[in-house]
Amino acid sequence: KTERFETFYPNNVLITNRDIISLWVARMVMTAHFNTHSVPFKDVMIHVTILDGMGKRMSKSKGNGVDPEDIIEQYGADALRFSMTQMSSDTQDMRVPVQYRCPHCETLFPQNEKNMKAETLVCPSCKKTMATRWANEETQKKEGLAFLTSAKFEIGRNFGNKVWNASRFAMQNFDEKTPLYTLPELKEALETKKIAPLNADEEWILTRLEETVRETTAAIEGYHYHEYANKMYDFMWNEFCDWYLEAIKPVLRTDGAKKAGSQAVLATVLKTALSLLHPMMPFETEAIWANLQEITGKAKTMLITSDWPETAGAWCAEDRLRMVMRKYELIGLGRSMRSAFNIGPGQKASFVLRPETAAMAEFLEGEREPLTRFLTAGSLEIIEGFTPTGAMPCQVTQDAVIYLKLDGSADIAAGREKGAKQ
């Protein structure tokens, strides 16, 4: 046994395709056990096979493979990494339809068995000639090179843009006094009253962030990387961007202790989310993290050397968390009724909320401003035991009912037609 052997043997995990489990992996285990009386690795992660749009294995020799450098040049390295992570399931092979991108007009057209090894192609849109990777360098320079691409990678690009823009908005509301807490540090700051108490939306997002930390950590440790990607996508896009950032905008426009507290919470959520995203999107998250430290006047560090996020326990009671989630559900249902009755985005509508309990009524009264803003409501009544006297469409949740008043803003015929189709 040498020093290098002691250092690198045994390993923790082998990553491989299922094709060579019997041919090679099993032999590695048996040979290693015979010679060393120990197994060479603890886990074997079997990754999926990448197929083209016709269901054939991607191969450089066949010409149906996508060059990663082409994808990086078109969409970015982080978009490639995120898209591949999200698409790779535990067992199902990944089908990625391959397309050519015309260098003259940017038109996409599918690769097929007839054109996958052609040196030059004619664009079906602009009718100009283009070269492929099979052509020599002189032809590529003369005609222009047609990149191989796939629309599948637009998911990663769009998600990266969303994260970047959301982070930029958040950082516009920070200053040198904004702390960059971890979750346990934020909880300590709240307990010692260094920052103002949390509002309902902050309690909700911190609870969801805690759950996301636990779920993503478990997914990574269990090699379920697509679950990790999907959970981060859902948290960042559907919860952090769509709900939380919109909910706290009025607070960030104020001054005083409440604004400072909301800044601290927002910075904590952003910092933790960047750490969770870093394994999939290292370049973008490092760039955002560097900007975040500069804006808040903190010493420069790198995410790649920072600790993985830790949880800090419950942020609010279960009943209060349920009411916050019900608030968002009511907003979603109210927006659906607006759409069904063709009420335009800028048009005011009138709503009535009927809470089923006194606790829910008190909570909704405290959330009147965000409810009115999210519903674009001209009037919003909260009435326990409300009973409509005439026709009034409604949507029902476990804790409350939302009614839409059929005044001049509602297109009754459109609502009836949509209801009949359903």
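**Salt bridges along the chain**

Being four residues apart in helix α8, which spans residues 200–221, E210 and R214 are separated by about one helical turn; helices here are DSSP runs of H or I with at least four residues, strands are runs of E with at least two, and both are numbered from the N terminus. E210 forms a salt bridge with R214, their closest N and O atoms being 3.5 Å apart, where a salt bridge means a side-chain nitrogen of Lys or Arg within 4 Å of a carboxyl oxygen of Asp or Glu. E210 counts as buried at 1% relative accessibility, whereas R214, at 47%, counts as partly exposed; buried means under 20% relative accessible area, exposed over 50%, and partly exposed in between, with a 1.4 Å probe and protein chains only.

This is a predicted model, in which local features need pLDDT of at least 70 and side-chain atom pairs count only at pLDDT 80 or more, while totals for chains, interfaces and linings use all residues. Residues are numbered from 1 along each chain as its sequence is written, and side-chain values use heavy atoms, leaving out hydrogens and water.

Another salt bridge joins the side chains of D70 and R133, at 2.2 Å from N to O. D70 lies in helix α3 and R133 in the loop between β8 (129–131) and α5 (137–143), so the pair ties together parts that are 63 residues apart in sequence. D70 is buried, at 1% relative accessibility, and R133 is partly exposed, at 40%.

A search of the whole structure finds 24 salt bridges.
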